[in-house]
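Subject: Model for you to look over

Hello,

Here is the structure I promised to pass on. Please open it alongside these notes.

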Amino acid sequence: MKYKRFVLSVAVFLLILLPVLADEPENVMKSINAGDIFELNKILASPDMKGRLSGTDGYDKAAKWTAAKFKRWRLKPVYGKDFLQPFEVGYNEMRETHFSVILPPKDKEEKPQVLAMEIYKDFCPTLYGGFGQVEADVVFVGFGLTAPELGWDDYRDIDVKGKIVATLHGTPQIEGKDFSKYVERQPKLDSAVKHEAAGLILINRAVVSGSGNYMEGLPMVMVGDKVANLLFKPKGYDIQSVKALLRDGNPLSFETGVKAMIHTIGAHHDKALTFNVVGMLEGSDPELRNEYIIFGGHLDSMGPWPVVHPGASDNASGSAVVMGLAHAFSRLKKRPKRSIVFALFAAEETGLRGSKHMASNLPEFPSKPILMSNHDMNGVGTSVYVAGGKTYPELYEIILKVNAKYKINENISGGTISHIGGNSDYVPFMEKKIPALSTWVRGGQRYGIHTKEDSIYVITPKIMEDIVRLYFVAGYQFANK
Ligand SMILES: [Zn+2]
């Protein structure tokens, strides 16, 4: 009698449990909610984390907090015991920056007109500029490039020694000429040093500029259109006419007749320790567990100087998405066949350094990366854009099917991806021939990116829930194929 009752209860138990297990990913998906992911985003963007600049204690705190979550969710470390993959970076402690434009006097009786520019409105510091003070004539040098193999030299016939050079963001667009290796900022910085400039004005937007190598002895600022127009006016140009001329392949360099003063106070720290945070869910299949998908995004932001840059959208949001995925996968009782690696990268803003470090030091186990899914700026807007969806459709097509079945997001689109000219953490993985997707959000404003305004108040939590739900179910199916 007792035995029969036991068999019966086991049978009833299994009848209840089996459908639950069969739909386990669906149930976990339904438990993913915007509030939990928003909470992760909020903590990473809090004043406690001091803008998460790689090399500083604010970043260390964020990395250790993330690692503790990975441990609590019972992920396995991939490098060492503590989920941290260390490497060295340099960083700038930019305590104070001042920038003035000095207009020439209208006649001999008048004095030059000194216009103090406003930080975060007219100009911003860079994370790689040198320290000191320079006051000098401003020479405009087009795109600031010397590319003899392409017949282009913005420094031809112009002397900039001891002067402040002003250069426009970007490269010439000339049919049949490939300027892609000059897309990054570094060639402009190197050219300015080579021609012995004493300061540099990058004309782009009044936001903090990240990617570049420390340029000792070259104070610099990045400015928006207002400053550019002040510099161009005495020669009868404005930002529009200058851009139009250069875009059409006409080199344009000239002495502006305007002076400027750049003053920066702070220190450069060489060789500071920083960390990627990496954890994994080991696959359940004895063979296929050696293959893995990486979900990654950068944990760092622009730091605490001269004020804290919370980096809520860029990229506490993508970090929260990757963590939300890690947490969801860790709740599965039945793990997928392939392994899944969750990576939060250091030092993206200072030049994709963390993802480069990981892509060059891939784990011994699991050893076969089959896809990298990058998440950068996943927190503001209403629709999902998947770069690479058209280049590597394997996961993207599953995402579309999952979305159609569960009606998660109303507006998903995809496009191609390339590592050439790319500027987020998928690039170093693509360079190692690993297929990659990079997801970002559309339908919202890119408000305050790389300024102090990128705070938690710009975040729209529902879109992060959509992304985590989509990539969780699609990732599960892809890892199980
Ligand atoms: Zn970013």
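**Helix H3 against helix H8**

H3 and H8 are oblique to each other, as their angle is neither under 35 degrees (roughly parallel), nor over 145 (roughly antiparallel), nor 65 to 115 (roughly perpendicular). They pack at an angle of about 135°, with their axes 8 Å apart. Axes here are lines fitted to C-alpha atoms, for helices over the stretch in contact, and angles run from 0 to 180 degrees between N-to-C directions. Helices (H or I, at least four residues) and strands (E, at least two) are DSSP runs, numbered from the N terminus.

A note on the source: this is a predicted model, where local features need pLDDT of at least 70, side-chain atom pairs count only at pLDDT 80 or more, and totals for chains, interfaces and linings use all residues. Residues are numbered from 1 along each chain as its sequence is written.

From H3, the contact uses Asp-36, Ile-37, Leu-40, Asn-41 and Leu-44. They meet Ala-312, Ala-316, Ser-317, Ser-319, Ala-320, Val-321, Met-323 and Gly-324 in H8. Contact means C-beta atoms, placed from the backbone, within 7 Å. By class, this contact has 8 nonpolar, 4 polar and 1 charged residues. Nonpolar covers Ala, Val, Leu, Ile, Met, Phe, Trp, Tyr, Cys and Pro; charged covers Asp, Glu, Lys and Arg; the others, Gly among them, are polar.

**Helix H2 against helix H12**

H2 (residues 24–31) and H12 (residues 461–480) pack at an angle of about 165°, with their axes 9 Å apart. That makes H2 roughly antiparallel to H12. The crossing of H2 past H12 is right-handed. H2 brings Pro-25, Val-28 and Met-29 to the contact, and H12 brings Arg-469, Phe-472, Val-473 and Tyr-476. These divide into 6 nonpolar, no polar and 1 charged.

**Helix H4**

H4 has 16 residues (57–72), which at 1.5 Å a residue should span 22 Å. The expected span is 1.5 Å times one less than the number of residues. The end C-alpha atoms of H4 are 22 Å apart, which agrees.

Gly-58, Tyr-59, Asp-60, Ala-62, Ala-63, Thr-66, Ala-67 and Phe-70 are buried in H4. Buried means 20 or more other C-beta atoms within 10 Å of the residue's own, exposed means 12 or fewer, and partly exposed lies in between. The buried residues of H4 pack against H3 (34–44), strand S2 (84–103), strand S11 (253–281), H8 (312–330) and strand S13 (339–345).

Look at Ala-67 in H4. It counts as buried because it has 20 C-beta neighbours inside 10 Å. Ala-67 touches Asp-82, Phe-83, Leu-84 and Val-277, leaving aside residues up to four places away in sequence. Just after H4, Arg-74 takes a positive phi of about 60°.

H9 (residues 353–360) is mostly covered, with 7 of its 8 residues buried. They are Arg-353, Gly-354, Ser-355, Lys-356, His-357, Met-358 and Ala-359. They pack against S2, S11, strand S12 (291–298), S13 and helix H11 (427–431).

Ala-404 lies in H10 (residues 393–406). Ala-404 counts as exposed because it has 10 C-beta neighbours inside 10 Å.

Best wishes

Technical notes:
Contact = placed C-beta atoms within 7 Å. Left-handed = near helix turned anticlockwise from the far one by under 90°.
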